[in-house]
Amino acid sequence: MPNKKGFALFLIALISVNDAYKILVIFPLCSKSHNNLGKGVVNNLLDAGHEVVYCTCFADKEKRPNLTEVDLSHVETQLGFDKDMEEQFKIKNLVGKNNFADSLFFMYVTYEIHRLFLNDDVLINFLSDTNQKFDAVVAEWFFSELFSGIAPLFQSHMIWFATTEAHWQILRIVDDIPSPAYSTDLFSVNIPPLDFLQRAKELWSVIKRYVILNCVVMPIEQHLYNKVYTPIGETRGIRLPSYYDAAYNGSLLLLNSHPSIGTPFRLPQNAHYVAGFHIDTKTKPLPENLQKLMNEAKHGVIYFSMGSNLKSMGMSDFMRDSLLKMFSELKQTVIWKFESDLDNVPKNIHLTKWAPQQSVLAHPNLKMFITHGGQLSTTEAIHFGVPVVGIPVYGDQHVNMKSAVEKGVGITVTLDDNMAGELSAAIQEILNNPSYSKTAKELSSIFHDRPMSPAKELVYWVEHVIRTGGARHLRSPAVNVPLYQKFYLDLLLIMALILYLTLKVLRRLFRQRTPVKVKES
Ligand SMILES: *[C@@H]1O[C@H](CO)[C@@H](O)[C@H](O)[C@H]1NC(C)=O
Ligand SMILES: *[C@@H]1O[C@H](CO)[C@@H](O)[C@H](O)[C@H]1NC(C)=O
């Protein structure tokens, strides 16, 4: 029997036999929540002993060993998100607005974001550097396949990472467009089973966006792809695949979702749900003052944060004051992520410019989380089994909250200057009805009940792609089948042709006989 030490040494030997790979991770969106996920990917790969280069807007001062960062933060200033745009994205100016993510404007913004990165000298020089070699490229998919040129430059494998629930626009690049009769759009708040009108609307939203994508967006993107990647390919001595070949050639799709928080959509063999991978396995301790506050809250704590992009500071004075007044009437302690200082804050309200969200959610005295419904916030709430009150504003926040409501772990409140009353009612319902917190705990245990942790699963699949030379064995056969074949339009055409010819022949025979008949009569 080998002793414990011997076994440990054996394990270490086993681990070091494992190959270390070099992986490029690119999460260019200059948004803190997207970077939290990018960081999660990077840290898990580093923990597994790999070397990582991370292209990001949020380069860290503290460098981990085996990590190189390519700082792209300067691109943000070119995005045209000037004062005007910033003003538009303040909560007070988003009240009563339609979800802008389902618009042509949003398509334009996503193209523009990619265009700016692909025209950036720092990124281009990095991609042209012939000393750089990678075993795999993990790129955030943000409503465009424009980064699909990066993997072929390094003769490497493309791994897409989607920060959201699965939906047709992303599934189409690794598999097929699922039937809109039961797979809803990312920006739709319908939840299957759908009624007749909902089904019609879902179909229409796919057709509309599919046509725009294929007739307008992708041709424009193809032009940019050729312009940017072809010269880099030449410096690297590589002939690139066409944009369409590259776009549909991803080896793997990782999705920041899970059936326990979203809808159990059907996935192809090379797509996997990894939501929760970014959450630290050991929750960091709270800062002393928050720890004390939460420990001592006799009636529990309510945590209120509108996320990192939407600032509570951007509320109208009326909204802010009416919320302060409503909170002040509660017995509970309220921790509100608020980005500036205020005078005369009621005793039971504690404003904080920043809070370690995961640590707050992990505290046993927390009663509920009032959130904007961002994917990270709802995921973390389910991870820690906390019920939510959501005030969704845009993007997938509506869908995330719709799902939380349907599962019985949350209540949605409409963003409105006058929402204090509705919010107060939602808070009372969650405080007084134990089913929300019970269901949140149940969902949390489902969320954690997996064959391996999402962090391990993420690393496993990335390594699997590299070990198997691109995981070609997992590729869905659907991805290369053109639409007309999927709908058997060719068969229909042949059948229509046969029918037409048959009718024609019959008619001729009939005509030849009729005159005879006429003569006889
Ligand atoms: C850094 O990478 C090398 C292999 O490239 C590996 O042997 C080493 O353990 C890694 N270091 C850390 C701290 O992970
Ligand atoms: C698709 O990617 C694989 C690597 O995963 C590569 O070997 C192959 O050449 C690529 N095909 C095209 C058409 O780009």
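This is a predicted model: local features need pLDDT of at least 70, side-chain atom pairs count only at pLDDT 80 or more; totals for chains, interfaces and linings use all residues.
In the side chain of N249, an N or O atom lies 2.3 Å from an oxygen atom of ligand 2, and for the side chain of H157 the corresponding distance to a ligand oxygen is 2.8 Å. How much of ligand 2 does the protein cover? On its own, ligand 2 has 360 Å² of accessible area, and the protein covers 56% of it.

Now widen the view to the whole shell. Besides S251, N249 and H157, the residues surrounding ligand 2 include S156, P241, D245, G470 and R472. Sorted by class, this shell holds 5 polar residues, 2 charged ones and 1 nonpolar one.

Which residues are around ligand 1? They are A20, E51, P65 and N66. Taken alone, ligand 1 exposes 360 Å², of which the protein buries 42%. By class, its shell is made up of 2 nonpolar residues, 1 polar residue and 1 charged residue. From the side chain of N66, a polar atom comes to 2.3 Å from an oxygen atom of ligand 1.

In general, the strands of a sheet pair through backbone hydrogen bonds, and they can do so in a parallel or an antiparallel way. Which way do the strands pair here, parallel or antiparallel? The pairing is parallel, and 7 strands make up an open sheet, which you can trace in the order β3-β2-β1-β4-β5-β6-β7. At the edges you will find β3 (67–71) and β7 (271–273), each of which pairs on one side only. If you compare the directions of neighbouring strands in this sheet, they are turned against each other by 20° on average, direction ignored.

Zoom in on one pair of neighbours. Strand β5 (residues 157–162) and strand β6 (residues 252–255) run parallel and are joined by 4 bridges.

Finally, find helix α18, which spans residues 454–467. This helix lies across β1 (22–27), β4 (136–140), β5, β6 and β7. Compared with β6, helix α18 runs at about 170°.

Key: Residues are numbered from 1 along each chain as its sequence is written. Chains are lettered from A and ligands numbered from 1 in the order in which they are written. Side-chain values use heavy atoms; hydrogens and water are left out. A residue is near a molecule or strand if one of its heavy atoms lies within 4 Å of it. A polar contact is a pair of N or O atoms within 3.5 Å; within protein, one must be able to donate a hydrogen and the other to accept it, and residues adjacent in sequence count only if both atoms are side-chain atoms. Accessible areas come from the Shrake-Rupley method with a 1.4 Å probe; for residues, only the protein chains shown count as cover. Ala, Val, Leu, Ile, Met, Phe, Trp, Tyr, Cys and Pro count as nonpolar, Asp, Glu, Lys and Arg as charged, and the others, Gly among them, as polar. Two strands pair if DSSP finds at least two bridges between them. Helices (H or I, at least four residues) and strands (E, at least two) are DSSP runs, numbered from the N terminus. Axes are lines fitted to C-alpha atoms, for helices over the stretch in contact, and angles run from 0 to 180 degrees between N-to-C directions. Contact means heavy atoms within 4.5 Å.
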